[in-house]
Structure formats: structure tokens, C-alpha cells
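This report covers surface patches, salt bridges and backbone angles. The sequence and structure come first.

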Amino acid sequence: MCFLAIAAVAQEKADIEVSYDASRVNLRDGSHISPNKYILLANAKESKFYSPITEYIDSLQSTPEGDAKYKEMTRGAYMSGKIDDIPRRDGSYYIFKSMTDGKIRYYDVNGVEKYCYEEETPQIEWELADDTKNILGYECQKATGDLHGRKWTVWFTPEVPVMNGPWKFSGLPGLILEGTDDSGLYNFTATGIQQTNRQIMPMYSAEDYEKTTRIEFLKAKRQFIDNPLATMNTQLSGLGITIGDATTKLEYKPREEVDFIETDY
């Protein structure tokens, strides 16, 4: 089981809840995909960045009864011709930050397989600028810094004294409400903020995630992008399942043109 210790500490209540649009690039043609809807739950000790829609589906599939309900919802949508009503994940990863032990715990999928890894909280060397702008009624200051292969420009507000933000960002004297990488391919923008006392819940079915490292996970994802059918057939071989022709290639932009949010693998 992966990082079971988080279950023991993730029952604290959050102080703030921040909604973000997480924009990303289409690795096939370089266009922007409709942003995922993520939420940051945070207090002074820990935080969780996740998609509530994805978590809802994962919560259903974590029990036999819930999984049956999910399948019935999917079947009902198909039978009624309402394909858009089929529950679909909106973003795949979960990020837990612990300010107590300085760790990030990351959960994600690659094809049909689930992975998790732990890393030290990145020590970003932020450069502060004098520029300011207003986001959601908060006066924000500009900062720039490098993180895992990309240079980021972020806007944070000291009016909310939480040293946290979307994705893996942290380390500024205030909440990060916006972040854009220099290529413009990835962006996080806060769409709402409120006080809350919601619990920071641990992962559903954490035991289903195989432990790996950040670099190993990114390399495996790249392999999947370069030859997805062959990779999925390898993943499903133990079940005796084959998808299509493994020699068929789905065209993606080369890594030099379009890459993941982290490029240092």
C-alpha cells in the first residue's frame, strides 16, 4: 500500500478552499484543451489539490456498491442517448503537500495503471517583482521562478497568508492565485476563494497505486505518448485483452515542440 501514513494525518480541516481553472496543452496538436476544474484545500500544515469530479468517480469505484452505481449511471446514459451525461474524470492527478515533513505525495494514472510517488517539496528560488494586479478582489504581487524544467510567472496575495498555491507551487509569503509558464502552454487561474472547514480527506483506494519515482513516472508517460497502443496492450496483457493493432501509432507532437508540465526527465 502506498503512503498509508497520509491517512493518519489527512483528517484535519482546511481553512481555505480555492477553485482553479487548470489549462493544459493538447499533446497531439499543440492546442489548448478546455481547462480542468481543480480545488485547493489548505491549512497551515497540509493541503490537497484535486479535481472534485474525478474524486467523486474514484469514491464511487472504491466500493462494490459504488462501482455498480457508476456502471448503472454509464449504462443509463448510453441507453437514453445522453452521452454527455456519462460521468467522466476531469483531470487525473492528486497532490498532497505536507508542511510538517516537507513532502509532496503525488497520485496519477498512466494508461490504465495507477502510480504514486513522494518527493521533497521543491525549493523554488522565487524572484519578486514590483508589478501588481488584482485577482478576485485581492491585490497580488508578481514573482518568477523555475520548477522542474519550466519557468513560471505567478501572482500571489499577501492578503491571504497561506504559503501555498495550485499544483506544486509554494514558498511565497501569500496564496498563489495565478501561474503561467513562459511557453503559455500551462496555466492555473483562481476562480473563487472562500473560508471552509471541510476535511482534507485521504486518497480513495490508495492501495491500488503502485509506488514509483517522479522521473520514472514521467518517462513511462512519455513512452505511453510515443506508442500508446503498444503500452496499453502491455499493461492489459495479464488480463488477456488486446486493443486494436499495436503497430498503429497515434500521432503526437514531438517532445521538442510540446511536452508535459514537467520537462526535466
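## Basis and terms

A residue is called buried under 20% relative accessible area, exposed over 50%, and partly exposed in between (1.4 Å probe, protein chains only). By that scale Glu125 is exposed, because its relative accessible area is 72%. Accessible areas come from the Shrake-Rupley method with a 1.4 Å probe, and for residues only the protein chains shown count as cover.

This is a predicted model, in which local features need pLDDT of at least 70 and side-chain atom pairs count only at pLDDT 80 or more, while totals for chains, interfaces and linings use all residues. Residues are numbered from 1 along each chain as its sequence is written, and side-chain values use heavy atoms, with hydrogens and water left out.

## Surface patches

Patches are made of residues with over 30% relative accessible area and no salt bridge; like charges are joined within 9 Å, and nonpolar side chains (Val, Leu, Ile, Met, Phe, Trp, Tyr) within 5 Å. Lys and Arg count as positive and Asp and Glu as negative, with His and the chain ends not counted. The place of a charge is taken as NZ of Lys, CZ of Arg, CG of Asp or CD of Glu.

A patch of negative charge on the surface gathers Glu125, Glu127, Asp146 and Asp182. Glu125 sits in the loop between strand S6 (113–120) and strand S7 (127–135); helices (H or I, at least four residues) and strands (E, at least two) are DSSP runs, numbered from the N terminus. Tyr78, Met79 and Ile83 make a nonpolar surface patch of about 370 Å². Of these, Ile83 is found in the loop between helix H3 (64–79) and strand S4 (94–98), and Ile83 is partly exposed at 36% relative accessible area.

## Salt bridges

Side chains of opposite charge can pair when their charged atoms come close. A salt bridge here is a side-chain nitrogen of Lys or Arg within 4 Å of a carboxyl oxygen of Asp or Glu. The rule gives a count of 21 salt bridges. One of them joins the side chains of Asp21 and Lys37, at 2.6 Å from N to O. Asp21 belongs to strand S1 (residues 16–25) and Lys37 to strand S2 (residues 32–42), so this pair ties together parts 16 residues apart in sequence. Asp21 is buried at 18% relative accessibility, whereas Lys37 is partly exposed at 43%.

Asp67 pairs with Lys71, with the closest N and O atoms 3.3 Å apart. Both are in helix H3 and four residues apart, so about one helical turn separates them. Asp67 is buried, with a relative accessible area of 19%, and Lys71 is partly exposed at 48%. A further salt bridge, 2.4 Å from N to O, links Glu120 and Lys103. Glu120 is in strand S6 and Lys103 in strand S5 (residues 103–110), so the pair ties together parts 17 residues apart in sequence.

## Positive phi angles

Most residues other than glycine have a negative phi. Leu136, not a glycine, has a positive phi of about 55°. Leu136 is in the loop between S7 and strand S8 (138–147) and is partly exposed, with a relative accessible area of 39%.

Trp167 also has a positive phi, near 50°. Trp167 is placed in the loop between strand S9 (150–157) and strand S10 (175–181), and is buried at 2% relative accessible area.
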